[in-house]
Amino acid sequence: MLQQRRYDAAEALSKITSMKAIVRTRYGSPDVLQFAEIPIPTPADNEVLIKLCAASVNPLDLFLLKGAPWNRVIPGLRTPKHKIIGWDIAGRVHAVGRDVKRFQPGDEVFGVTGFEGKGFAEYVCALEEKLAAKPTNISFEDAAAVPIAASTALQGLRDKGRIQPGHKVLIEGASGGVGTFAVQIAKALGAEVTAACSTRNVDIARSIGADHVIDYTEFDFARSGQRYDLILAANAHRSIFDCRRSLKQGGIYVAAGGSLVRILQGLLLGPLLSLIGRKKMTFFITKLNQKDLAFLKDLLEAGKVVSVIDRRYPLSDAAGALRYLAEGHAQGKIVLTV
């Protein structure tokens, strides 16, 4: 019966041959992006073709847009292999490949596309294993804000930070995409949460449930004498050494974002500092998976987590959304509506 309800991919696409998408032909700033008409993709056997309703932007999109230095100087690498960027997506299933078991046309889903991007378009193909059913009680825009940022927060707290009920947790950079989800997920997992953010973001941190809020422009948490079981640097402003001083013995510091300097500190110095004493310092890269998306879906449907969205842009102005993200002042997530 399920097989009978599925669309054949070729049949589903027979009346639609093109779509609008944000494309680039070279590496560079958001100025290189163009709103163009291109052919609709066809799903592979293990893929789902989605009619997008929303997508969201991430720092990773800026990195992939710009490319590594060698992409811009070596002639053979100046043309990006993947023309469309964008990871976080939400929409309705339009067609499925022959091996897809969990979804059928008409299902509402959210998730990620994969490292090659492809998400800033009217239609996109994604692996079945990178998708989950959209929470029934939230909009497509709210759902599109979730996958990368919330998965990063969840894995940083639960898997790397080993969070436990009653733990004292500090979220550094609590007002950004990862940070707003981290505050809420830490509370949902039973922690006492302190949010560190700038003056303009104090009210947001309080509104999403932080037990304590530190304005880091006026108060230095590293010199307060307070000690934490876990520090998640969602957008690190303080050095790894300052954060280490603020950990309890046996505490864990997890770097999940921030400037390149802060990331390198976590990646290179973390393992060395972890050998000294009983404080663990670590950096990690999020591994997106269906199980965690389903876990987040349950939190969203229970009202324990909500998406904090700063601005919404039409798909045609993806360049504007990325420019705003690059300014570094977004409060929560930036979403594209399709």
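A: Start with Ile-204, which sits in helix H8 (residues 202–207); helices here are DSSP runs of H or I with at least four residues, strands are runs of E with at least two, and both are numbered from the N terminus. Keep in mind that this is a predicted model, where local features need pLDDT of at least 70 and side-chain atom pairs count only at pLDDT 80 or more, while totals for chains, interfaces and linings use all residues. Residues are numbered from 1 along each chain as its sequence is written, and side-chain values use heavy atoms, with hydrogens and water left out.

Ile-204 has a relative accessible area of 18%, so it counts as buried (buried is under 20%, exposed is over 50%, partly exposed is in between, using a 1.4 Å probe and protein chains only). Leave out residues up to four places away in sequence, and Ile-204 touches Thr-180, Val-308 and Gln-331, where a contact means heavy atoms within 4.5 Å. Gln-331 is 127 residues away along the chain, yet its C-alpha atom is 8.1 Å from that of Ile-204. For the chain as a whole, 69% of the contacts with a separation of 6 or more are between residues 24 or more positions apart.

Next comes the core. The largest nonpolar core has 50 residues; such a core is a set of buried Ala, Val, Leu, Ile, Met, Phe, Trp, Tyr and Cys residues joined through side-chain atoms within 4.5 Å. Leu-157, Ile-171, Phe-181, Val-183 and Ile-185 have the most contacts inside this core. Helix H7 (residues 177–188) gives the most to it, with 6 residues.

Not counting residues up to four places away in sequence, Leu-157 touches Arg-162, Ile-163, Val-169, Ile-171, Ala-182, Ile-185, Ala-186, Leu-230 and Leu-232. There's also a second, separate core of 41 residues, with Ile-22, Leu-65, Val-100 and Phe-103 among them.

Now for how H6 sits against H7. Their axes come within 8 Å and cross at roughly 50 degrees, which means H6 is oblique to H7. Axes are lines fitted to C-alpha atoms (for helices, over the stretch in contact), and angles run from 0 to 180 degrees between N-to-C directions. Under 35 degrees counts as roughly parallel, over 145 as roughly antiparallel, 65 to 115 as roughly perpendicular, and the rest as oblique.

From H6 the contact uses Pro-147, Ala-150, Ser-151, Leu-154, Gln-155 and Arg-158, and from H11 it uses Asp-292, Leu-293, Phe-295 and Leu-296. Here the class tally is 6 nonpolar, 2 polar and 2 charged residues.

Past H6, look at Arg-162, in the loop between H6 and strand S8 (168–172). Arg-162 isn't a glycine but has a positive phi of about 50 degrees. With a relative accessible area of 48%, Arg-162 is partly exposed.

One more stop is Thr-194, in strand S9 (residues 192–197). Thr-194 counts as buried because its relative accessibility is 5%. Apart from neighbours within four places in sequence, Thr-194 is in contact with Val-169, Leu-170, Ile-171, His-212, Ile-214 and Tyr-228. Ile-171 takes you back to the largest core, where Ile-171 is listed with Leu-157.

Methods
Ala, Val, Leu, Ile, Met, Phe, Trp, Tyr, Cys and Pro count as nonpolar, Asp, Glu, Lys and Arg as charged, and the others, Gly among them, as polar.
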